[in-house]
Each structure stands twice: as C-alpha cells, then as structure tokens.
Amino acid sequence: MGGRTISQQAFDALVTENMDDLGMDPDEALQDAIQTLTLQGVDLSGIIKCLPGVKNVKDNPVIQSLDELKNIADHLVVSKSDDQRVVTADKTLDFDKLVVLLDKLYDLCSVEGSDNASIATRNGGVELLTSICSLLRVKFEMPLLSALKAMSSLLHDFQSTETFWHSGGPAILMDILNGSKSSNVLDSGFAVIAAASTGNEILKEAFIDLKVDELFIQTMREQAKGSMQSLYHAICSLLTPDDNRVLASQVYGYARRFAQIGIADALVDALREGISSSSLASACSALKALAVNDEICKSISENGGIDATLKCIDDSSEHNDKIIARACCSLMSKLAGSDANKNAIVQKGGLDRLMKLSSRFSEDPSVLQEVMSIVTVLSLRSPENAARAIEAGAGDLAIQAMKKFPASYQMQRQSCLMIRNLVVRNPENRTLLLGNGIEKLIRKAKGSHEICKDAATAALRDLGLNDYNA
C-alpha cells in the first residue's frame, strides 16, 4: 500500500455524509466517495466498498471467514507442562471446519484482480493466521498446511509483510519448518518465505539471521529435488534486490553465503534431473539469482553447470518447451558473464546448439530474444567468439527475426545489442551484415520503438556508419 490511508469507519462516514447532507442516492454517494478520495491520493486498498442500506461490511465473505476463524482458533488451548509449551484442542474444536475456512480464505485472497487480500490484511488476517500457525505447529498437519497456504496468499504487499514481521512470523515459521520432516509442510512454508521476502529487505535479513540457508541445503539433500518449486522461489525472493527503500541491498552477500554452503552445487544437481523435473524452470531461476559474481559462475561451470544447462536447452528444443528454453537461456546468459565460461560454452558447441534452438522456436520472439542475449554476452570483448557466432548463423538470426517481428520491441532492442558486439571488433562482420540489409532494419527499430533508440544508435555507429544519429 502507498500514499495516504483511511479507516473503514471514516470511509463509511463519508459515504453516509454524501447521502445525508448532499442528498445523493447510495450508489452515487459511494462512487463520489471513491472518486474524491482517489483524487486526494488516498489509498483505498482493503476498504470494503458496499452500498449503505444495501450491504454491510460484515456481509463481506472475507470478513465472515476471518470472524469464523477467530471463533474456532479460540478453541486451541495453550498450556505448560514442565516448562514446555503444549497446544491442545478442546473437544468442541472442529478441525474439518477449520480446514474448510482456511481453504476458503485462500481461495478468496487468490482471486486475481480482487482486493480480498488487502481486505484481510486491514482486518487482522495476517496476525490471525500467524497466531493459528503458532498454535498448530507440526502437531496438527492438515490445518497447518491450509493455514500456511492461506498465509502465502495474504502476503502480497509491503503492509502485509511488515505485519507478518511485527507478529513474529519469521521465527514462528522457521520453528515450524525446522521441526518438520513433512515435504508438504516444507513446501507450503517455503511458499510463505517467498511471499514474505518479496520486496522486503528486513524480512530477507530476518530469514537469513534465522539460518534459512542451512534449512535449504538440508532439504535439498534429503527431499526429492523434483518437488522443490517453492524452495527455489524462496531462494529467488531472498536473493533479489527488490526493496526500493534500500540503497544498498545485502542480497549479494547472501548469495555468496548460499554458494559457500553448497546450494549452488545442489541446484546444479537439480538441473541434471533434466526436463522431466516439474521444477526445472524454477531451479534455473534460483541458480541465476545465486550466480552474482565471477567466482560463483566459474564454480557452477566447474561442477558441470554449463553441461547440464546445455543439455536442458537441447531437451527443450526436442520437447518444444518454450518455458524451459527461456529459463535455461536466461541462466546461460548469466553464466556467460564469466570470461572463463564464455570459452567453455563455445567449445562445447554452445553457439550451434543455440542456433538450433532458435530454428525450433523461430515463431516465438521471446525465445529468440533470450538466444540473442547469450550471443551478446559471449561476443562481448571477444572477436573470436563474434566471428564464430556469425559462422553459426547469429547474423541471419538477427536479420530474419527483425523482419518477422517488427513489433517485438524487446527482441528488436536485444538484436541491436547483439549486432553491436558482433561488429565492434570485427570489421569483416560489418561488411557482411550491411550487405544483407541490416542497416534498414536497425533504423526501422530505432524509429519505431523508443526503447530501441540508444541500442540502435550504438549498433549503427559500430557498423561504421557516419550518420548513426540520424
């Protein structure tokens, strides 16, 4: 949530005032209140916008679910025995109903485009679910799974994640996960970590301080790698510098820490499971997030990461799986950032294998863009690789793709970036590409898409054209 806020009571009072003092009908009064507050910069996320006299706030299904959950949660009893915290359920507690209510809340808050998660957050949903998880722990697995799933759907913005932090959520969650051997509980818990850490540097640090990396590596060694999608998402979330309040994120240090305890090696092992793994794309994304410096990129290569990634690229082509193709190419672009890895990729036939992939997905500009990104990195400061890329067909790829997909501005931009690296130190490549009409295509991209302007200008300049600014 951002900007100024307003309470539910103040919002309802404004609508009522519109009706009583200005004589508006209920629908007009509601719309006027929404419009007035929006123009004033008030954030109305989580405000229940119901018509006075027609519906009540208490009629909202999210509010009803929270109220029922509060009533049921009261039947979980905390007692102490020999200084140990013991949670029991009184005889009236209906666990089946608790599961149904938690699942209903999850369904409501997972509706794309709805305001239900914000409504739940404004009305104590995060605190309630944190308390329920704390009480259930691992003793009551079925309702705990539903509570964790519901929690992951509520943690959607800064306000909800901050509330989770202030409620002691990280410590409670890590205590649950460290005490569980259930793959289902771990998977649901990792989904909560991913949601909570997104956009919140404080929560990233909290989980790191609680040694979540040790839990990750333990889980990856003990559990089936094919069912770890939530774990991989959690790694990505923790290693992504996405909190705009922070000038210098600590995530790069976390990545080095993850690599040191063996998480990079475990992720390479996950890639070796190949395209049969339902979590392969997520594993690629996690390894990409972890590969933050030259040392880690080289260690991934030395452990077989390039071989595994190239094999997955080949398999994605054979199985026509563009999701895997994009994820593997994106990872390869990151690994190619190490100069030592550039040569390894080329020596392993990487350029030819990428051109084969581009032929397989010649109708998908999103895949072609990823292929071009790898070639761009491979040919950076390497005239030898630039020459081999042209021999493999990178120039033809650029020309054909720019002709076929003029509206794909990201692909057009990436093509310009690739062309620049292919020609800046290879005058023979300039002659070849200019002879095949690349200038016209670059100028068209420059004139059609603002995002392409700088890349296209640089490409024209490095092609040796004097009027590159035209």
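**Exercise 1. Is Ser230 buried or exposed, and what does Ser230 touch?**

Step 1. Ser230 has a relative accessible area of 12%, so Ser230 is buried. The cut-offs are these: buried is under 20% relative accessible area, exposed is over 50%, and partly exposed lies in between, with a 1.4 Å probe and protein chains only.

Step 2. Ser230 sits in helix H13, residues 229-238. Helices here are DSSP runs of H or I with at least four residues, strands are runs of E with at least two, and both are numbered from the N terminus.

Step 3. Not counting residues up to four places away in sequence, Ser230 touches Asp187, Phe190 and Ala191. Contact means heavy atoms within 4.5 Å.

A word on the model before going on: it is predicted, local features need pLDDT of at least 70, and side-chain atom pairs count only at pLDDT 80 or more, while totals for chains, interfaces and linings use all residues. Residues are numbered from 1 along each chain as its sequence is written, and side-chain values use heavy atoms, with hydrogens and water left out.

**Exercise 2. Describe the chain as a whole.**

Step 1. Start with secondary structure: the chain has 28 helices and 4 strands.

Step 2. Turn to the extent of the chain. Its C-alpha atoms fill a box of roughly 80 × 65 × 40 Å along the principal axes.

Step 3. Of the 470 residues in the chain, 51% are buried.

Step 4. Among contacts with a separation of 6 or more, 72% join residues 24 or more positions apart.

**Exercise 3. How do H9 and H10 pack, and which residues meet?**

Step 1. Helix H9 (residues 169-178) and helix H10 (residues 183-197) have axes 10 Å apart, at an angle of about 155 degrees. The axes are lines fitted to C-alpha atoms, for helices over the stretch in contact, and angles run from 0 to 180 degrees between N-to-C directions.

Step 2. H9 and H10 are therefore roughly antiparallel. The classes are roughly parallel under 35 degrees, roughly antiparallel over 145, roughly perpendicular from 65 to 115, and oblique for the rest.

Step 3. H9 passes H10 in a left-handed crossing. Left-handed means that the near helix is turned anticlockwise from the far one by less than a right angle; clockwise would be right-handed.

Step 4. On the H9 side, Leu173, Met174, Ile176 and Leu177 take part, and they meet Val185, Leu186, Gly189, Phe190, Val192 and Ile193 of H10. By class, this contact has 9 nonpolar residues, 1 polar and no charged. Here Ala, Val, Leu, Ile, Met, Phe, Trp, Tyr, Cys and Pro count as nonpolar, Asp, Glu, Lys and Arg as charged, and the others, Gly among them, as polar.

**Exercise 4. Which residues touch the most other members of the largest nonpolar core?**

Step 1. A nonpolar core is a set of buried Ala, Val, Leu, Ile, Met, Phe, Trp, Tyr and Cys residues joined through side-chain atoms within 4.5 Å.

Step 2. The largest such core has 148 residues, and Phe164, Ile193, Phe207, Phe216 and Ile442 touch the most other members.

Step 3. Look at Phe216. Beyond its neighbours within four places in sequence, Phe216 contacts Phe190, Leu231, Ala234, Ile235, Leu238, Phe258 and Ile263. Another core, of 12 residues, lies apart from the largest one and includes Val15, Ile34, Leu37 and Val42.

**Exercise 5. Where do Lys211 and Arg381 lie?**

Step 1. Lys211 is in the loop between H11 and helix H12 (212-222), and Arg381 is in the loop between H22 and H23.

Step 2. Lys211 is not a glycine, yet its phi is positive, near 65 degrees. Arg381, also not a glycine, has a positive phi of about 55 degrees.

Step 3. With a relative accessible area of 46%, Lys211 is partly exposed; Arg381, at 48%, is partly exposed too.
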